[in-house]
Amino acid sequence: MFNTSNNTNNSSNNGGITSFLKLKWRTSTKYNIKPRLPNTVDDIERDWVRHNALKLAFENDFKAPIERLLQAGGSEVLDIGCGAGFWTTDMAARFPLSYFIGLDIDKNVLPTSPCGRNVLYQHMDLIELPLPFEDATFDYVFVRSMLSTMPDHLWDDVLKELIRIMKKGAYIECVEAYDNLFDTGPSMNILIELVLRSTQQPPYSPTKENSRNPWPNRLANISQLMGMRIHHTHTPVGFHGGEIGALLLEYWERMISSYRDEWIANKWIDEEELEKTIELMKEEVEEHNTYMSWYSVVARKKGYAGPVLQFDDVDDDGTVYTTTCC
């Protein structure tokens with residue numbers, strides 16, 4: 001039987017679904033941060049599943065208006081919390097004239113085989129500031145599913161540091177899931193609560209208020225940024241949502257599988273009950289059309305006073321299409 005004081009019929013789960021989407025806790029006695037467990041093959045495979053689902057959901061790898069600059073070459077891009085480098089490697093292959101750096105706290109998950117001449121991976125912990133980059137280094141900084149990987153108050157200093165290493169006119173993009181799944185059934189709610197018990201920063205409380213400040217609020221309060229834009233997308237969980245839904249259902253199944261031994265050992269739920277709950281969950285997501293919601297928030301660093309760049313494209317019949325960017 002599942003042991004919790006929370007009402008599992010409520011699909012709004014305090015603590016947030018994003019708390020399990022990255023799984024890169026820092027180990028710190030200074031900040032009382034939950035010890036990070038090493039990434040396993042299952043963790044890497046889940047990250048791959050999520051990467052592909054979000055690429056389909058957003059219809060691109062990014063929403064910032066930087067495609068032309070990356071194509072032109074010479075741009076420098078930083079991926080914060082790159083994991084196994086799926087996004088970074090894809091981008092480096094797609095834009096071979098620009099340069100990409102991926103940072104992650106887990107050195108064992110970083111790619112070891114050659115990924116291209118324009119991509120570099122570095123082992124680094126965001127808590128250890130300052131970052132080893134000069135002022136005004138990067139044209140684009142990308143952050144995905146990182147908000148819950150360390151205590152909320154530490155992000156203020158990290159964002160200041162990211163702004164420092166961005167060039168004037170550079171873009172920052174933060175991608176995150178909204179806190180809850182929607183249109184869930186009771187079995188999915190039980191599984192969500194179990195996941196949160198395994199991943200939430202200490203001290204855990206099933207009724208604790210969600211105190212994380214979302215990216216739009218954070219970026220809007222930074223005076224050096226301007227032109228903030230938010231893009232929303234909904235991603236189904238289950239086969240009712242086609243390829244995206246199937247990927248995210250697989251993501252959930254992999255997540256549940258990775259924690260099952262812990263749940264059973266701690267007697268949070270017995271094995272037979274867990275198996276029944278998983279099977280019911282797979283039925284419920286189809287019955288209720290369960291879905292997640294994500295957002296991408298993009299902002300630009302102030303101060304760019306350089307030339308406006310013009311790009312001309314010519315189609316097969318000779319028509320010229322002109323676009324400009326800074």
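1. Helices (H or I, at least four residues) and strands (E, at least two) are DSSP runs, numbered from the N terminus. This is a predicted model, in which local features need pLDDT of at least 70 and side-chain atom pairs count only at pLDDT 80 or more, while totals for chains, interfaces and linings use all residues. Residues are numbered from 1 along each chain as its sequence is written, and side-chain values use heavy atoms, with hydrogens and water left out.

2. Helix α3 itself spans residues 86-94, and its buried residues are Phe86, Trp87, Thr88, Met91 and Ala92. Buried means under 20% relative accessible area, exposed means over 50%, and partly exposed lies in between (1.4 Å probe, protein chains only).

3. The largest nonpolar core has 52 residues, and those with the most contacts inside it are Tyr140, Val237, Trp252 and Trp263. Helix α7 (residues 242-265) gives the largest share of this core, with 10 residues. A second, separate core holds 33 residues, among them Leu78, Ile80, Ile127 and Ile222. Such a core is a set of buried Ala, Val, Leu, Ile, Met, Phe, Trp, Tyr and Cys residues joined through side-chain atoms within 4.5 Å.

4. Threonine 235 is found in strand β6 (residues 225-236), and this residue counts as buried because its relative accessibility is 0%. The side chain of threonine 235 makes a polar contact, at 2.8 Å, with the side chain of tryptophan 294; a polar contact is a pair of N or O atoms within 3.5 Å, of which, within protein, one must be able to donate a hydrogen and the other to accept it, and residues adjacent in sequence count only if both atoms are side-chain atoms. Leaving aside residues up to four places away in sequence, threonine 235 touches Ala57, Ile244, Leu248, Tyr291, Met292 and Trp294.

5. The loop between β3 and β4 contains proline 130, which is joined to leucine 129 by a cis peptide bond with omega of about 5°. Alanine 136 is also placed in the loop between β3 and β4, and has a positive phi of about 55° although it is not a glycine. Alanine 136 counts as partly exposed because its relative accessibility is 42%.

6. Glutamate 59, in the loop between α1 and α2, has a positive phi near 60° in a residue other than glycine. With 71% relative accessibility, glutamate 59 counts as exposed.

Key. Contact means heavy atoms within 4.5 Å.
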